[in-house]
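Please open the model in your viewer and keep the sequence panel beside it. The tour below moves from one selection to the next, and at each stop it tells you what is there.

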Amino acid sequence: MSNETIDEKEQMQARRPVWDEYFMKLAWLAAERSTCLRHHVGAVIVRDKRILTTGYNGAPAGAKDCLSLGCLRNELNIPSGQKQEICRAIHAEQNAIIQGGFCGINISGGTLYCTHSPCILCAKMIINAGIKKVIVSQSYPDTSYQSLFKEAGIEFRLFQTEALSISRLK
């Protein structure tokens, strides 16, 4: 085996992401499908290092989205993190949970990776869906989930990383 082959192998191992980074990258990739004009949010539900479902924020299936209609929240100057009910979009966490039900996938006991921390509505759904751990990349202005997660015994962690990027071999 030549030194060049060893160097290539070491470089590949150095670029290999840890599990949290891998699943967070997938959440950010899902966020690219968002149709929200304010926040692109993505979520991935995982159990035993296996992807169960994904979701992103956008209008219900078959309904017009904010890309075509504009954002009512922007028009009404509603601050981020307030009055979430005045929005066409279903949140990424909600979509990931709904996909489990729609496809008959048991997400109970899973870990939810999400680009942003949850609003209170998503927190309630996360708890009732049986998700045990939530890992996020950045904070959302609504922090009311914190006391609810603590009371329900949901493990919560902020996974901050430098810039997430995709590495590929030539």
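## First stop: a lysine in a helix

Begin by selecting lysine 25, which lies in helix H2, the helix made of residues 19-31. As you look around, keep in mind that what you have open is a predicted model. Is lysine 25 buried or exposed? Its relative accessible area is 15%, and because buried means under 20%, lysine 25 counts as buried. If you set aside the neighbours within four places in sequence, the residues in contact with lysine 25 are Leu164, Ser165 and Ile166.

## The whole chain

The C-alpha trace spans about 65 × 35 × 30 Å along its principal axes. Of the 170 residues in the chain, 37% are buried. If you consider contacts between residues at least 6 apart in sequence, 58% of them join residues at least 24 apart.

What is the phi of aspartate 48? It is positive, at about 55°, although aspartate 48 is not a glycine. Lysine 49, also a residue other than glycine, has a positive phi near 65°. Aspartate 48 is exposed, with a relative accessible area of 66%, and lysine 49 counts as exposed too, at 51% relative accessibility.

## Helices H5 and H6

Select helix H5 (residues 92-103) together with H6, and turn the view until you can look along both. Two packed helices are described by the angle between their axes and the distance between the axes. The axes of H5 and H6 come within 9 Å and cross at roughly 25°, which means that H5 is roughly parallel to H6. Their crossing is left-handed. Which residues make this contact? From H5 they are Glu93, Gln94 and Ile97, and from H6 they are Leu121, Cys122, Met125 and Ile126. Sorted by class, the residues of this contact are five nonpolar, one polar and one charged.

Stay here and pick out glutamine 94, which lies in helix H5. Glutamine 94 is buried, with a relative accessible area of 13%, and, leaving aside neighbours within four places in sequence, glutamine 94 is in contact with Leu121, Cys122 and Met125.

## Helices H6 and H7

By class, the contact of H6 with H7 has eight nonpolar residues, no polar ones and one charged one.

## The cysteines

Now colour the cysteine sulfur atoms. A disulfide is a covalent bond between the sulfur atoms of two cysteines. How many disulfides does a search of the whole structure find? The search finds zero. Cysteine 103 is in no disulfide, and the nearest cysteine sulfur, which belongs to cysteine 122, is 18 Å away. Cysteine 122 is in no disulfide either: the nearest cysteine sulfur, that of cysteine 119, is 3.7 Å away, whereas a disulfide needs the two sulfur atoms within 2.5 Å. Cysteine 103 is partly exposed, with a relative accessible area of 48%, while cysteine 122 is buried, at 0%.

## Last stop: lysine 132

Finally, select lysine 132, whose place is in the loop between H6 and strand E4 (133-138). Lysine 132 counts as exposed, at 51% relative accessibility. Not counting residues up to four places away in sequence, lysine 132 touches Gly109, Gly110, Gly153, Ile154 and Glu155. To end the tour, draw a C-alpha to C-alpha distance between lysine 132 and lysine 150, which are 18 residues apart in sequence and 11 Å apart in space.

Key
Residues are numbered from 1 along each chain as its sequence is written. This is a predicted model: local features need pLDDT of at least 70, side-chain atom pairs count only at pLDDT 80 or more; totals for chains, interfaces and linings use all residues. Side-chain values use heavy atoms; hydrogens and water are left out. Buried means under 20% relative accessible area, exposed over 50%, partly exposed in between (1.4 Å probe, protein chains only). Ala, Val, Leu, Ile, Met, Phe, Trp, Tyr, Cys and Pro count as nonpolar, Asp, Glu, Lys and Arg as charged, and the others, Gly among them, as polar. Helices (H or I, at least four residues) and strands (E, at least two) are DSSP runs, numbered from the N terminus. Contact means heavy atoms within 4.5 Å. Axes are lines fitted to C-alpha atoms, for helices over the stretch in contact, and angles run from 0 to 180 degrees between N-to-C directions. Angles under 35 degrees count as roughly parallel, over 145 as roughly antiparallel, 65 to 115 as roughly perpendicular and the rest as oblique. A crossing is left-handed if the near helix is turned anticlockwise from the far one by less than a right angle, and right-handed if clockwise.
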